[in-house]
Amino acid sequence: MKKIIPLLVLVLLGVLGLLFPSIDLTALEKVEFDTGDTAWLLTSSALVLIMTPGLAFFYGGMVSKKNVISTMMQSFICMCLMTILWVIFGFSLAFGEDIGGIIGNPATFFMMKGTLGEVAWGALPTIPLVLFAMFQLKFAIITPALITGAFAERIRFNSYMLFIILFGIFIYMPLAHATWHPEGILAKFGVLDFAGGTVVHMSAGWAALAAAIYLKGRKTQTHNPARITYVILGTALLWFGWFGFNAGSAGGANSLAAYAFATTTTASAMAAMAWIFVDIIRGKKPSAMGACIGAVVGLVAITPAAGFVSIPHAMVIGLIAALVSNLVVYLRSKTSIDDTLDVFPCHGVGGMVGMILTGVFAHHNVNPIVADNGLFFGETKLFIVHTVALFAVSFFAFVGSLILLKVTDLISPLRVEETEEELGLDVTQHAEAL
């Protein structure tokens, strides 16, 4: 009977599609869509989506050969599950009518009602509302996928699917609303998050740490990466897609998008080189793996700051992020915490570094939305706001994820059996082999 339940749920969702077709036209006065902005956001949405397959290759190349398919599948399934969730009520939870500054009304855009016709999101009046919804969906897809690197090689696939649904509803969507909705509590507090350093990377990073602690370590924690070439391919796709992630968050084809494009690639290049040079100092060879990890850390760190800081300061952010994350990777290796692919040191810490340095380097001349300049320019308000918010978001994401892991575990055991772990998840979870 248990095996039938997921399909029955899916059938019920299909029935919802019949009952709520959402074909009513909506029209707002004075809405004039810009074809250039619309074309750029369509392109950016596709770019952000390709990041998730990129992440699949990035993570898949790092794990042992017997777990490549399962690791990649964990990223791919996010594209399916989160899309369904987003269309039904996820977009409403994140961007619907405000409820207390922490969540949206699930009825606002239920089954995407109100998105057909000449209607736009208030803050982005030059693109269709449905395009804004689909652009934001891609962020909701990749966030839970980022977590998978922390518990790779030891989680049941069915339980994982349940966990990411709960994570999306109770962690990601409230954070997206609080940060990016005009009435959100963090937005009104003054937090600046250009493209998801707080919403995406910090939430995923803290959830990853919670998962690594909760699931405990693998029986064998050392292995040879299955395919370094997969890691390189994944990094290339991530870097390519990140231009949609950051430059697309400018909301249109404009000078801010071009500037965010520049800060993004500058920070990543700087972090990649810094990671290599730190490894050399520590007596290691300059490796492709190190360069790829460093590049991604730079991309993570610049994400919250991309449209708020100058290009030279993007170099500084990439440098600092690489140094700090590299150190945390080393320190984590000295503990018993088995964060398989160092998601917390790279994404969580990278996101936190980016958030803090946004409070240091943000300037009004880069983006007029910056009401208070960063600490580097002699003003303290933004830095204090970001520091306080960092602790609040960290506590929420970490404790909330621990609770969701426990709830998931009670419903469906998270950890695979020891024999399944030894055989590899490709065979035991999917009956496939590389």
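Is C80 buried, exposed or partly exposed? At 43% relative accessibility, C80 is partly exposed, where buried means under 20% relative accessible area, exposed over 50% and partly exposed in between (1.4 Å probe, protein chains only). The model is predicted, so local features need pLDDT of at least 70 and side-chain atom pairs count only at pLDDT 80 or more, while totals for chains, interfaces and linings use all residues. Residues are numbered from 1 along each chain as its sequence is written, and side-chain values use heavy atoms, with hydrogens and water left out.

The structure contains zero disulfides, a disulfide being a pair of cysteine sulfur atoms within 2.5 Å. C78 is in no disulfide, and its nearest cysteine sulfur, in C80, is 9.1 Å away. That distance is too far for a bond. C78 is buried, with a relative accessible area of 0%.

Helices (H or I, at least four residues) and strands (E, at least two) are DSSP runs, numbered from the N terminus. Helix α4 covers residues 129–147, and its 19 residues should span 27 Å at 1.5 Å a residue; the expected span is 1.5 Å times one less than the number of residues. The end C-alpha atoms of α4 are 29 Å apart, which agrees. Because 17 of its 19 residues are buried, α4 is largely enclosed by the rest of the structure.

Helix α2 (residues 35–60) packs against helix α3 (residues 68–95) at an angle of about 165°, with the axes 8 Å apart. Axes are lines fitted to C-alpha atoms, for helices over the stretch in contact, and angles run from 0 to 180 degrees between N-to-C directions. The two helices are therefore roughly antiparallel, a term for angles over 145 degrees.

Terms used: Angles under 35 degrees count as roughly parallel, over 145 as roughly antiparallel, 65 to 115 as roughly perpendicular and the rest as oblique.
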